[in-house]
Amino acid sequence: MHLSLSLFFLAATLWRADAFNVRRDALSDCLAGHDVPVVMTADPGWDTAVKPYNLRLQDTIDPTIVVVARNEADVKKAMKCAWSTKTQVSVKSGGHSYGAYGLAGTMVLDMSDFQKIAFSNGTDIVIVGAGVRLGNMAKGLYELSGRALPHGTCAGVGIGGHATLGGFGLDSRLWGLTIDVVESMRVVKADGRKALEVSATKNAELFWGLRGAGASNFGVVTEFRLKTFVAPRENTHFGYQYTFADSGKLARALVVMQRWGLEKAPKELGYGFLLFPGGTVNLRGVYYGPKDVFETLIAPLLDELKVIYDGRVPVTTVSVKGWLESLEYLNGGPLEVPLKGYDSHDTFYAKSLVAPEDRPISVGAASSFAAYLQFVPTTASWYVICNLYGGPGSVINSVPANSTSYRHRSSGYVWQFVASGGPEANVVEYVKNMVSSFGNEIDGYPAYAPYADPELEDPQTAYWGDNVERLRELKKVWDADDILLNPQGF
Ligand SMILES: Cc1cc2nc3c(=O)[nH]c(=O)nc-3n(C[C@H](O)[C@H](O)[C@H](O)COP(=O)(O)OP(=O)(O)OC[C@H]3O[C@@H](n4cnc5c(N)ncnc54)[C@H](O)[C@@H]3O)c2cc1C
């Protein structure tokens with residue numbers, strides 16, 4: 001009996017492996033027949049092509065072929081081949097998914113040759129290819145026009161994931177998220193049969209879904225058309241660093257900083273705080289305007305914090321920078337990123353929480369959190385970033401809630417908890433417990449999709465909330481055969 005069962009399982013395994021090989025061969029034959037450039041497992045560039053940004057997840061991905069599309073025609077041919085061989089595809093732009101989801105498919109569609117940065121004739125709309133990284137985009141755009149658009153701080157992040165999931169920068173309260181400045185997109189259908197213009201007037205439901213839940217779910221974006229703004233000349237960077245030996249005082253300071261932002265920060269203020277081991281909190285950000293205006297604005301908050309800090313003065317840096325200098329400072333180095341062979345990586349686990357404007361963290365929750373940071377030992381190195389998304393006049397929250405599939409239009413702060421180093425299980429556990437230390441009041445707080453958290457139990461609800469059903473319907477319309485793969489998506 002045992003022997004026949006074992007033989008049965010062996011036969012089934014061999015059959016599955018055979019079927020897989022047949023499909024993989026059919027896919028590579030199809031791609032070769034259509035002259036689409038590929039990197040295969042035995043090719044010299046393979047390891048680089050499939051190396052995730054987050055090395056912690058190296059063993060979770062197993063692609064068998066990487067297509068390096070040169071143009072829209074290649075994307076169509078590649079998607080047709082994937083569709084006809086029932087191969088799941090993930091699209092890779094900058095490869096910075098926290099969950100390595102750009103590499104999740106059996107076939108990876110690498111968009112790194114889509115490097116266009118050019119203005120649409122006579123307009124302030126910039127056309128950005130889906131493989132452009134944020135640093136190159138910001139630099140190229142500014143050098144062409146003196147203009148800018150809102151996006152995150154890390155130069156290596158790709159526009160493909162950023163402008164389909166969210167895209168927050170310190171200028172987002174002033175201008176919106178990256179998804180909010182998308183005027184239109186060029187999209188290849190999941191079956192590769194067509195390329196479409198997608199905008200508020202053309203394929204509007206798809207446009208809704210692609211801005212917030214677009215990552216490898218409904219179509220392949222090849223090009224974005226993005227609204228731009230005159231880059232501010234004076235950008236006042238600030239940092240006030242406090243170190244609290246007493247976790248109770250740290251908690252009070254956090255609550256004061258949190259409240260001040262929600263009540264007083266004008267939309268020109270990019271504002272938040274970072275937490276580090278040893279009771280250190282760095283209140284930092286950028287005021288998109290003159291230094292004297294900023295200093296008058298922030299003075300009452302500093303006075304309030306001074307009382308908690310026993311009259312001491314924090315380590316203070318305030319400086320005015322030009323636009324590119326400001327972006328370089330936030331990035332921690334030059335904006336320009338190599339077009340090919342990008343090879344920066346990290347090894348980390350992160351969780352996020354989106355605290356609604358009307359449910360900020362209470363003193364009790366902040367105290368329990370600060371005590372955790374102070375008293376629970378760990379071998380991991382960690383930091384926490386808390387950025388203001390809401391507050392007076394924030395453009396992020398002024399976008400109508402149902403106009404995009406991004407769900408957080410009444411957000412107060414987005415918290416991000418990041419750890420690395422030490423045995424992996426400890427890192428993951430430490431971050432999870434750090435978040436739980438806030439207690440029950442954070443139950444039901446959503447999560448921010450661009451900070452993909454592979455450990456979430458119900459990621460769709462956490463990221464997209466009430467939009468989930470509508471997004472499922474969209475998937476049925478635009479990718480009924482489930483060719484595009486986002487492991488936490490649709
Ligand atoms: C170091 C670092 C800093 C970051 N800083 C910020 C920040 O300041 N603000 C912020 O909001 N976020 C930030 N992020 C998160 C970042 O915005 C997301 O991880 C984003 O999804 C990365 O996009 P990508 O194209 O680089 O990644 P990829 O891994 O290439 O793609 C991410 C997802 O989008 C899909 N996708 C990519 N291109 C396309 C396309 N053309 N069409 C359809 N689907 C596509 C992929 O399949 C994948 O599911 C940061 C991430 C890192 C690692």
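Residues are termed buried at under 20% relative accessible area, exposed at over 50% and partly exposed in between, with a 1.4 Å probe and protein chains only. The model is predicted, so local features need pLDDT of at least 70 and side-chain atom pairs pLDDT 80 or more, whereas totals for chains, interfaces and linings use all residues. Numbering starts from 1 along each chain as its sequence is written, and side-chain values use heavy atoms, without hydrogens or water.

Helices (H or I, at least four residues) and strands (E, at least two) are DSSP runs numbered from the N terminus. In helix H3, Asp74, Val75, Ala78, Met79, Cys81 and Ala82 are buried. These residues lie on the same side of H3, because they cover an arc of only 155 degrees around the axis, taken from the directions from the helix axis to the C-beta atoms. Just after H3, Lys86 has a positive phi of about 55 degrees.

An N or O atom in the side chain of Ser216 is 2.7 Å from a ligand oxygen atom. A polar backbone atom of Phe168 lies 2.8 Å from an oxygen atom of the ligand, and for a backbone N or O atom of Ser97 the distance to a ligand oxygen is 3.1 Å. Of the 960 Å² of accessible area that the ligand has on its own, the protein covers 94%, by the Shrake-Rupley method with a 1.4 Å probe.

Terms used
A polar contact is a pair of N or O atoms within 3.5 Å; within protein, one must be able to donate a hydrogen and the other to accept it, and residues adjacent in sequence count only if both atoms are side-chain atoms.
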